[in-house]
Amino acid sequence: MTDPLGRRMKRVVRALADPSGWRSLGVVTRIAPGGAMVGIPEPSAVERIVPPEPVHFDRIPPIIFQTWKSRSDIPGNYRYWRQTIIDRNPEAQVVLWDDEDNRAFIAKAFPWLLDMYDAFPKEIFRADAVRYLFLFAFGGFYADMDSECLKPLNLGQRNEAVVLGRMGNDPSFEHSVPNAMMASRPGQAFWLLVVQRMIDIFESHPTAEMLLRAGPEELTGPVLLKRSFDEFQRLDDEALMKRIAPVVRNLTDRQKETVHIGRVALLDGETWYPLDWTNPFHKGLRNHLNRNTRLLSPEIARWVFPRAEMVTYWSHSW
């Protein structure tokens, strides 16, 4: 194997296969039964934080949004990964909303979407949908709870209006633009295109059974995001505004004033998604970590993923 990343992963997988090697490898800790982490304190309740009204639309604000079923009952591995985001981005406001917070936000900011939001057959559909609307309303960075931060994100220094990440080397793969991590200036029209496509798919699947068969990946998740990105790349500004006109008509006057059309950048796979779950060898590392209920130490994670700002471990908790 000539790939340096592959060689590093291979060494880690071999060590994980032998429990006696875990300590020398630097695996950080073990997940106890029930999800608690040995050596990691239980969390205190997290206050619901509402980001301020956007003032600057020419930069990505230092807001990091995450969502989980509860703001107090958080599995230990998620608490550990979330803390890496907080520790490495001290200038950022790190927001954690639960399911009730998400619905309250939709009801207040996008009430015309509430019937569709409530009609989604599982919570994962709603957890997907809310992240796009949060980024439109407030901007910032979204990260799944199984995402570890290895380097400061420096959000305000990015020149792009919207930042997405590639996973893997096949641009035609329908999951190649995951929605596990995304960044944006507020008011970006790209997110309205995502919402418009979501509405189109929802309306073409009029029953809960049909929505379940379509699945969250296509209706609200990475397949939707990838197809939206591809469509965005094909449209000029006039065609884009015509495409999203039905969504724009439902916005408040204030929201309409915030709509901007900015460049959407796609980062290479090693920046945010160095662990490619479509790669059998990468999948082996992920499976070893999950099966042995272990987490990599920060030093080993940075060694395995030297170019990465973030890494998501694809726990697929939904």
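This is a predicted model: local features need pLDDT of at least 70, side-chain atom pairs count only at pLDDT 80 or more; totals for chains, interfaces and linings use all residues.
Residues are numbered from 1 along each chain as its sequence is written, and side-chain values use heavy atoms, with hydrogens and water left out.

**View 1. The chain as a whole contains 15 helices and 10 strands.** Helices (H or I, at least four residues) and strands (E, at least two) are DSSP runs, numbered from the N terminus. Of the 318 residues of the chain, 57% count as buried, where buried means under 20% relative accessible area, exposed means over 50% and partly exposed lies in between, for a 1.4 Å probe and protein chains only. Among contacts between residues at least 6 apart in sequence, 82% join residues at least 24 apart, a contact being heavy atoms within 4.5 Å.

**View 2. Phe65 and Tyr142 form a tilted aromatic pair.** A search of the whole structure finds 24 aromatic pairs, for which rings of Phe, Tyr and Trp (its six-membered ring) must have centres within 6.5 Å, with planes under 30 degrees apart counted as stacked, over 60 as edge-to-face and the rest as tilted. In the pair of Phe65 and Tyr142, the separation is 5.9 Å centre to centre, with 55 degrees between the planes. Phe65 lies in strand S2 (residues 63-67) and Tyr142 in strand S4 (residues 140-143), so the pair ties together parts that are 77 residues apart in sequence. Phe65 and Tyr142 are both buried. Both also belong to one aromatic cluster, whose other members are Trp97, Phe105, Phe110, Trp112, Phe134, Phe136 and Phe138. Over the ring of Trp97 sits the charged end of Arg48, 4.9 Å from the ring centre; this description requires NZ of Lys or CZ of Arg to be within 6 Å of the ring centre and within 35 degrees of the ring normal.

View 3. Ser184 and Tyr142 are 42 residues apart in sequence and 8.8 Å apart in space, C-alpha to C-alpha. At 0% relative accessibility, Ser184 counts as buried. Leaving aside neighbours within four places in sequence, Ser184 is in contact with residues including Ile60, Pro61, Gly139, Gly140 and Trp191.

**View 4. The largest nonpolar core has 52 residues.** A nonpolar core is a set of buried Ala, Val, Leu, Ile, Met, Phe, Trp, Tyr and Cys residues joined through side-chain atoms within 4.5 Å. The members that touch the most others are Phe105, Ile106, Phe110, Leu164, Phe190, Trp191 and Leu225, and helix H7 (residues 189-203) gives the most to this core, with 11 residues. Beyond its neighbours within four places in sequence, Phe190 is in contact with Val162, Leu164, Leu225, Ser228, Phe229, Phe232 and Val264. A second, separate core of 40 residues includes Ile60, Trp68, Ala143 and Ile300.

**View 5. Helix H8 (residues 208-219) can be followed from its contact with H7 to its packing against helix H9 (residues 222-234).** The axes of H7 and H8 come within 11 Å and cross at roughly 170 degrees, where axes are lines fitted to C-alpha atoms, for helices over the stretch in contact, and angles run from 0 to 180 degrees between N-to-C directions. That makes H7 roughly antiparallel to H8, since angles under 35 degrees count as roughly parallel, over 145 as roughly antiparallel, 65 to 115 as roughly perpendicular and the rest as oblique. The contact is made by Met198, Ile201 and Phe202 of H7 and by Leu211, Glu218 and Leu219 of H8. H8 and H9 pack at an angle of about 55 degrees, with their axes 5 Å apart, and are therefore oblique to each other.

**View 6. Trp314 lies in the segment after S10 and forms a stacked aromatic pair with Tyr273.** The two rings are 5.7 Å apart centre to centre, with 25 degrees between the planes. Both Tyr273 and Trp314 are buried, with Trp314 at 7% relative accessibility. Phi of Trp314 is near 50 degrees, a positive value in a residue other than glycine.
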